[in-house]
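This report is meant for a reader who is meeting the structure for the first time. It goes from the overall build to a few individual residues.

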Amino acid sequence: MIKINTGTFAGMRQLVRMLQERQVAFAGNRRLAIYGTLQCASGKRMKPENRVFFASEAAAIMMGYRPCAHCMYAQYRAWKQAKRAL
C-alpha cells in the first residue's frame, strides 16, 4: 500500500511520477477498504485523505481490500460469491 497526500502539489507530483514509472496501478479507499481502477468515477469522488494506491491487484487483496462494484464488477461478483461460500 502506498499512501500519497494528493491534496498537496508535492503529493500530486509524486503520484504523477509513480504513474509514469508504472509503480501505481490501482487506487483504494482506506476507510472503506475498497480498491478499483484509476479511472473509476467513484474513486475520483473520495476524499484525498482516504486515498491509497497499490502497485497491483494482488497487493490490494493482501491488504484486505475488496474490489469496487462499479469499475471491477466481475471481480466484485467473484469476491462476493467467495465470501458467501464461507
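Predicted model: local features only at pLDDT ≥ 70, side-chain atom pairs only at ≥ 80, totals over all residues.

A residue is called buried when its relative accessible area is under 20%, exposed when that area is over 50%, and partly exposed in between.

**Overall build**

The secondary structure of the protein consists of four helices and four strands, and, read from the N terminus, these elements follow one another in the order α-β-β-α-β-α-β-α. The radius of gyration is 13 Å, close to the 12 Å that the globule rule gives for 86 residues, so the protein is as compact as a globular protein of that length. Taken along the principal axes, the box that the C-alpha atoms fill comes to roughly 45 × 25 × 20 Å.

**Charges**

Side chains of opposite charge can pair when their charged atoms come close. The structure holds one salt bridge, and this is formed by E21 with R17, whose closest N and O atoms lie 3.8 Å apart. E21 is partly exposed, with a relative accessible area of 45%, and R17 likewise counts as partly exposed, at 40%.

Positive charge also gathers on the surface, in a patch made up of K3, R30, R31 and K47.

**Backbone in the loops**

Which residue in the loop between α1 (9-20) and β1 is also described here? That residue is R22, which has a positive phi of about 55° although R22 is not a glycine. With a relative accessibility of 73%, R22 counts as exposed.

A33, found in the loop between β1 and β2, is another residue other than glycine with a positive phi, in this case near 55°. Its relative accessible area is 24%, and A33 is therefore partly exposed.

The table gathers the accessibility of the residues discussed above.

| Residue | Relative accessible area | Class |
|---|---|---|
| R17 | 40% | partly exposed |
| E21 | 45% | partly exposed |
| R22 | 73% | exposed |
| A33 | 24% | partly exposed |

Note on methods
Residues numbered from 1 in each chain as written. Heavy atoms only, no water. Patch = residues over 30% accessible without salt bridge, like charges linked within 9 Å, V, L, I, M, F, W, Y side chains within 5 Å. Areas by Shrake-Rupley, 256 points an atom, 1.4 Å probe, with all protein chains shown as cover. Salt bridge = Lys/Arg side-chain N within 4 Å of Asp/Glu carboxyl O. Lys, Arg positive; Asp, Glu negative; His and termini not counted. Charge placed at Lys NZ, Arg CZ, Asp CG, Glu CD. Helix = DSSP H or I, 4+ residues; strand = E, 2+ residues; numbered from the N terminus. Buried < 20%, exposed > 50% of the residue type's maximum accessible area, 1.4 Å probe, protein only. Rg over C-alpha atoms; globule rule 2.2 N^0.38 Å.
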